[in-house]
Protein chains: 2
Amino acid sequence: MTVEVISVGTELLLGNIVNTNARFLAEKCALLGLTMYNQVVVGDNEERLKDAVYTAVGRSDIVILTGGLGPTEDDLTKETCAKVMETALVEDPHTKERIQEYFKNSTFKKITDNNWKQAMVPQGAMVLDNDNGTAPGLIIEKYGKHLILLPGPPGEMIPLFNGQVEPYLAKMRPELIVSKMVKICGIGESQVEDRLLDLIDSQTNPTIATYAKTGEVHVRVTASAPDRETADKLIRPVVKEIKKRLGICVYSTKDEETLEMAVVRLLKKYELTVATAESCTGGLVAGRIVNVPGASDVFREGFVTYSNKAKRKHLDVSKNTLKKYGAVSKETAKEMAIGGAFATDSDLCVAITGLAGPDGGTEEKPVGLVYMACCLGGKVTVEKYQFKGNRQKIREQSVVRALDLVRRTILENYS
Amino acid sequence: MTVEVISVGTELLLGNIVNTNARFLAEKCALLGLTMYNQVVVGDNEERLKDAVYTAVGRSDIVILTGGLGPTEDDLTKETCAKVMETALVEDPHTKERIQEYFKNSTFKKITDNNWKQAMVPQGAMVLDNDNGTAPGLIIEKYGKHLILLPGPPGEMIPLFNGQVEPYLAKMRPELIVSKMVKICGIGESQVEDRLLDLIDSQTNPTIATYAKTGEVHVRVTASAPDRETADKLIRPVVKEIKKRLGICVYSTKDEETLEMAVVRLLKKYELTVATAESCTGGLVAGRIVNVPGASDVFREGFVTYSNKAKRKHLDVSKNTLKKYGAVSKETAKEMAIGGAFATDSDLCVAITGLAGPDGGTEEKPVGLVYMACCLGGKVTVEKYQFKGNRQKIREQSVVRALDLVRRTILENYS
């Protein structure tokens with residue numbers, strides 16, 4: 001079955017916002033085994049919107065529209081779709097009640113008249129309750145086509161899709177699509193592809209696709225099967241083989257687990273604590289660790305030691321080392337990690353010092369040179385990197401590598 | 001004149017990537033005074049691409065296509081556009097030479113045959129040299145229409161657009177479009193609109209538009225005029241009036257200046273240093289300050305004190321305060337700021353302590369409660385916030401408010 005996405009909103013045509021809804025829906029539809037050939041963006045204009053809906057209904061089985069369901073006169077999606085599908089708008093008592101309820105719990109005590117417009121729905125349409133706003137989602141089935149209308153704000157659209165549209169679409173397919181993500185760090189996309197090439201080329205069910213992220217590579221294994229159990233059976237040996245080939249580089253096989261979550265999981269598992277000592281990353285490694293709810297069990301403190309003086313004072317880096325080797329050196333990184341572990345009484349400490357630029361680079365120490373060290377039980381691993389890109393890119397890559405260094409250090413010593 | 005964007009690429013239809021090119025081009029075209037009614041995404045498929053180009057040429061004066069200009073057989077944009085516009089492909093000796101040159105400086109010494117395909121251009125087309133890849137940009141002018149073909153990778157597309165397409169499009173308009181951004185922090189979008197409503201409604205040239213960002217509001221003032229000087233003359237009084245009405249909330253009127261850049265600029269201006277003492281933001285405030293090249297002049301060190309013990313050890317927060325008022329309290333925030341300024345010998349110190357959730361909230365201290373304090377010369381300002389949203393949102397908003405607190409503290413004491 002084919003599916004098309006129409007994003008309605010002048011703010012997209014003016015470039016005020018990025019169309020993340022289209023990406024979300026495209027990925028979801030691909031995972032549901034639906035084929036998408038077209039995506040369209042139109043403004044809040046009846047004539048052009050009508051054109052887009054006519055064209056979409058003509059060439060696709062399912063049309064998903066986002067945006068233009070609000071209470072104002074600009075919002076025309078529902079009215080236009082009803083016209084194209086030749087259905088009347090009727091009041092839905094259930095939605096009317098929900099709107100009253102919504103405003104009762106809101107700071108706006110008075111319901112302006114235009115809000116009642118939201119209770120009008122195309123005759124015979126399925127109404128999808130929206131827990132995060134007043135505009136319900138709608139599904140119109142007619143002439144063998146499926147029009148799915150969703151509100152534009154991602155905070156309303158995504159829960160509606162996940163909770164009500166995904167099960168609806170999944171039922172339309174005889175086959176179930178199941179996928180598993182293998183998340184990889186510390187190796188480039190081309191190397192991953194190289195090691196998996198024969199698998200990628202020979203596999204048709206499940207299929208294998210690689211995605212490059214900042215400092216990471218994600219490999220999605222997707223199977224199509226009549227039921228969950230069969231799909232899992234197809235996926236399992238392929239994931240096992242990928243893990244075997246990539247070894248320690250695989251940090252997770254859970255869709256929702258980020259690198260920092262994997263790091264915190266390992267720290268908790270082995271009852272370890274970690275500290276951070278950051279120069280060029282300026283607190284971002286600590287910031288990533290604190291992203292994880294419950295990070296306080298494993299992380300208590302970190303230092304941002306941007307100046308040499310701060311490195312000496314808090315991390316006990318020796319004056320001599322800074323003078324002889326410089327702040328960006330493997331010797332300084334090593335002393336930062338040792339000093340940070342000691343000062344915080346943590347089991348591990350990861351230290352980062354580098355040249356993020358744009359100024360300060362020399363021939364011997366060019367911009368992008370970053371040293372990082374991880375101290376565990378007095379033993380220190382030091383790594384040297386030469387990153388490419390601007391200041392931000394260098395720092396982002398450093399953060400990922402530093403988190404991964406902690407992960408590898410734990411695994412190499414404890415598993 | 002109307003313009004339409006066609007993004008070519010199966011990876012967009014599969015949801016592998018977000019269409020940031022469309023947003024970039026939409027914003028640029030709006031600033032050039034061009035009207036965009038449609039954006040379209042199609043895959044690397046000749047028939048559907050041809051349909052999209054025919055439709056676009058039929059309804060728009062200018063069509064910008066991105067993607068599908070690579071050397072492989074999948075790449076069809078140039079061939080398809082040439083067919084629709086009824087022009088032959090001919091070899092461009094200049095481009096051929098550039099490709100040879102490109103590979104001479106590359107690690108790939110051998111030029112595979114398919115690369116020569118890149119030297120073929122539609123007869124009579126303008127060739128736009130691409131300094132970041134082998135596919136040149138192309139402009140086809142025929143039948144009163146303008147087809148602009150650009151490579152898909154943003155690192156190639158954006159420089160080509162800025163350097164060669166923007167001047168080309170600007171020349172097609174008799175009027176020049178000039179805009180100025182007023183960047184605002186510490187006040188919500190609806191309040192900004194409220195204070196500017198009469199200006200927004202009455203102004204036609206320049207126009208005023210507001211954009212909500214995380215913790216910030218940006219107001220764009222856009223004028224259309226025959227020359228730069230006239231445009232500036234139209235913009236100046238409006239920007240002045242906006243600044244007057246929003247006062248200290250305006251942190252910048254430079255497009256490229258971020259909040260952290262404004263903070264570092266002020267610190268440098270008054271020769272001040274700043275330190276950070278972070279709990280729930282976990283190093284992200286320091287990380288934002290270090291974003292700014294040359295931040296080392298004003299920022300030397302920061303603490304991430306996630307545990308109570310760390311708050312006591314590094315920031316000298318008293319045991320009694322933590323026991324009596326708790327870690328998330330105005331008293332603790334205050335002592336963190338004072339202690340941080342003292343420990344680092346900095347002029348200012350900003351401290352943040354809060355409940356980012358999802359757990360740990362109580363009726364008295366719900367998730368989203370954040371205290372921040374800024375100490376300057378022994379004087380401390382403490383602010384209390386109740387943020388909404390998930391852990392990440394709460395932390396993002398806290399970071400913006402903390403940076404803004406530093407900015408306001410400096411301005412209130414020095415200007």
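Visitor: Which residues does A:Lys83 touch, not counting residues up to four places away in sequence?

Guide: In this predicted model, A:Lys83 touches A:Glu46 and A:Lys50, with residues up to four places away in sequence left out of the count.

Visitor: What joins the side chains of A:Lys83 and A:Glu46?

Guide: Their side chains are joined by a polar contact of 2.6 Å.

Visitor: And where is the place of A:Lys83 in chain A?

Guide: A:Lys83 belongs to helix H4 of chain A, which covers residues 77–84.

Visitor: Is A:Lys83 buried, partly exposed or exposed?

Guide: A:Lys83 is partly exposed, because its relative accessible area is 47% and that class lies between the limits of 20% and 50%.

Visitor: What separation is there between the C-alpha atoms of A:Lys83 and A:Pro122?

Guide: The two C-alpha atoms are separated by 9.3 Å, and the residues are 39 apart along the chain.

Visitor: Let us turn to the interface. How many residues does the contact take from chain A and from chain B?

Guide: Chain A gives 54 residues to the contact, and chain B gives 54 residues. Between them the chains bury about 4,200 Å², with 56% of it on carbon and sulfur atoms.

Visitor: How many salt bridges does the rule find across the interface of chain A and chain B?

Guide: The rule finds 2 salt bridges across that interface. One pairing is between the side chains of B:Glu301 and A:Lys313, where the N to O distance is 3.4 Å.

Visitor: How many residue pairs are in polar contact between chain A and chain B?

Guide: The count is 30 residue pairs, with both residues of a pair at pLDDT 80 or more.

Visitor: Which elements give two or more residues to the side of chain A that touches chain B?

Guide: Among them are helix H1 (10–13), helix H2 (20–31), strand E2 (35–42) and helix H10 (284–290) of chain A. The list also includes strand E14 (299–305), helix H11 (308–315), helix H13 (330–344) and helix H14 (391–414) of chain A.

Visitor: How do the residues on that side of chain A divide into nonpolar, polar and charged?

Guide: On the side of chain A that touches chain B, 27 residues are nonpolar, 19 are polar and 8 are charged.

Visitor: How many bridges join E2(A) to strand E2 of chain B?

Guide: There are 5 bridges between E2(A) and strand E2 (residues 35–42) of chain B, and the two strands run antiparallel. Within this pairing, A:Val42 stands opposite B:Asn38 in E2(B).

Visitor: Now the backbone. Is the peptide bond from A:Gly357 to A:Pro358 cis or trans?

Guide: The bond from A:Gly357 to A:Pro358 is cis, with omega near 5 degrees. A:Pro358 sits in the loop between strand E15 (348–354) and strand E16 (369–376) of chain A.

Visitor: What about the bond from B:Gly357 to B:Pro358, cis or trans?

Guide: That peptide bond is cis, with omega near 0 degrees. B:Pro358 occupies the loop between strand E15 (348–354) and strand E16 (369–376) of chain B.

Visitor: What phi does B:Tyr143 have?

Guide: B:Tyr143 has a positive phi of about 50 degrees, although it is not a glycine. B:Tyr143 lies in the loop between strand E7 (137–142) and strand E8 (145–150) of chain B. B:Tyr143 counts as exposed because its relative accessibility is 53%, and the limit for that class is over 50%.

Visitor: And where is B:Asp316?

Guide: B:Asp316 is in the loop between helix H11 (308–315) and helix H12 (319–325) of chain B. B:Asp316 has a positive phi of about 60 degrees and is not a glycine. With 61% relative accessibility, B:Asp316 counts as exposed.

Methods. Residues are numbered from 1 along each chain as its sequence is written. Chains are lettered from A and ligands numbered from 1 in the order in which they are written. This is a predicted model: local features need pLDDT of at least 70, side-chain atom pairs count only at pLDDT 80 or more; totals for chains, interfaces and linings use all residues. Side-chain values use heavy atoms; hydrogens and water are left out. Contact means heavy atoms within 4.5 Å. Buried area is the accessible area (1.4 Å probe) that two parts lose on being put together, summed over both. A salt bridge is a side-chain nitrogen of Lys or Arg within 4 Å of a carboxyl oxygen of Asp or Glu. A polar contact is a pair of N or O atoms within 3.5 Å; within protein, one must be able to donate a hydrogen and the other to accept it, and residues adjacent in sequence count only if both atoms are side-chain atoms. Helices (H or I, at least four residues) and strands (E, at least two) are DSSP runs, numbered from the N terminus. Ala, Val, Leu, Ile, Met, Phe, Trp, Tyr, Cys and Pro count as nonpolar, Asp, Glu, Lys and Arg as charged, and the others, Gly among them, as polar. Two strands pair if DSSP finds at least two bridges between them. Buried means under 20% relative accessible area, exposed over 50%, partly exposed in between (1.4 Å probe, protein chains only).
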